[in-house]
Amino acid sequence: MSSAESRSTTAQDARWLAAAAALAARARPSSQPNPGVAAIVVKNGKVLSRGWTQPGGRPHAEAVALAAAGEEARGAALYVTLEPCAHQSQRGPACADLVCASGLARVVIGCMDPDPRTSGEGLARIRAAGIEACYLPSPACARSLSGYLVSRRLGRPEVTLKLALSLDSCIALASGESQWITGSEARAHTHAMRARSDAILVGGGTLRADKPRLDVRLPGLETRSPERWVLTRGNVPEGWNALRSPSAVSEMAGIQYLFVEGGAQTASAFLRAGLVDRLLIYRAPILLGGRPALPDFGLASLAQAHGRWYLAERRQLGSDTLEVYETAQSSEQSLER
């Protein structure tokens, strides 16, 4: 194969992996406690089948895609966002073994699995079966698996902090009134983000003052409401869970994606603890002169504020603007995978 053909194949592989990464959104968060993986079977440039991790974590994406392709999978290529698992389970065979028995000609993996039961073994087993297999680092795949990767790397959920602000970075009037700063499009986007989260958290003051429902109120997604948590050392209402301190997020078993909605003291506490991986800032074109979004969260010098965040996305939501910021560390690590 010439260098030009190799570059073309690599670019095409990257596109199929990006398509698989987009498909993986269908698995989040219902795949909990397993990662939300997606797989696409391609033959002669056409999609034979697709699969994503099913609710509760089984069947896995590869099993779904290969079952749908059937005998047509022979000689085809499999694009999968995460390395096929190599460990047996009471709930089903290892995906690496399913791949080995499928008759596939080629497998392209977008992200290696940090799970020590699989890490590298899935890829090695597929190659040992005589199937061409490669790892092509895909930022899109890493992003689609970010909660799983953070939980494996840091032993805690990926934390997204949401702030709805005025132009002067206030979250409420001086009186405390805050509903609604942003418009309907921004609120709908917030509900979509809730639907993609395993758990949602507010502070005790927000719970007492606003009595939020924290559910998903989008047509067709009402059943995707996440677990409700509150940052408090006191008692919590029925149907709520208590998080005693931000550092206790490591004890939230099985939760990969935590969505923090505030208020100011809770946001500050998570930032002070260095536990925020992503910021969603919904900014409305209004001036309030009211309560600031963030009280002091412990920076000792201006130098500490620089180099931590980068702008990952900006979009218009009606009259409001959404800015998505990620940590520089998260960006570097996702590109390395």
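What share of the contacts in the protein chain between residues at least 6 apart in sequence join residues at least 24 apart? It's 71%, with a contact meaning heavy atoms within 4.5 Å.

A word on ground rules: this is a predicted model, where local features need pLDDT of at least 70, side-chain atom pairs count only at pLDDT 80 or more, and totals for chains, interfaces and linings use all residues. Residues are numbered from 1 along each chain as its sequence is written, and side-chain values use heavy atoms, leaving out hydrogens and water.

The protein chain has 10 helices and 15 strands, taken as DSSP runs numbered from the N terminus (helices H or I, at least four residues; strands E, at least two). Its radius of gyration is 22 Å, close to the 20 Å that the globule rule gives for 337 residues, so the chain is as compact as a globular protein of that length. That radius is taken over C-alpha atoms, and the rule is 2.2 Å times the number of residues to the power 0.38. Of the 337 residues, 48% are buried, which is to say under 20% relative accessible area with a 1.4 Å probe, counting protein chains only.

Now zoom in on helix α7, residues 184-195. At 1.5 Å a residue, its 12 residues should span 16 Å, and the end C-alpha atoms are 17 Å apart, which agrees; the expected span is 1.5 Å times one less than the number of residues. Among the buried residues of α7 are His 189, His 191 and Arg 194. The helix's buried residues pack against several strands, including β6 (158-165), β8 (199-203) and β15 (320-327).

Terms used. Buried < 20%, exposed > 50% of the residue type's maximum accessible area, 1.4 Å probe, protein only.
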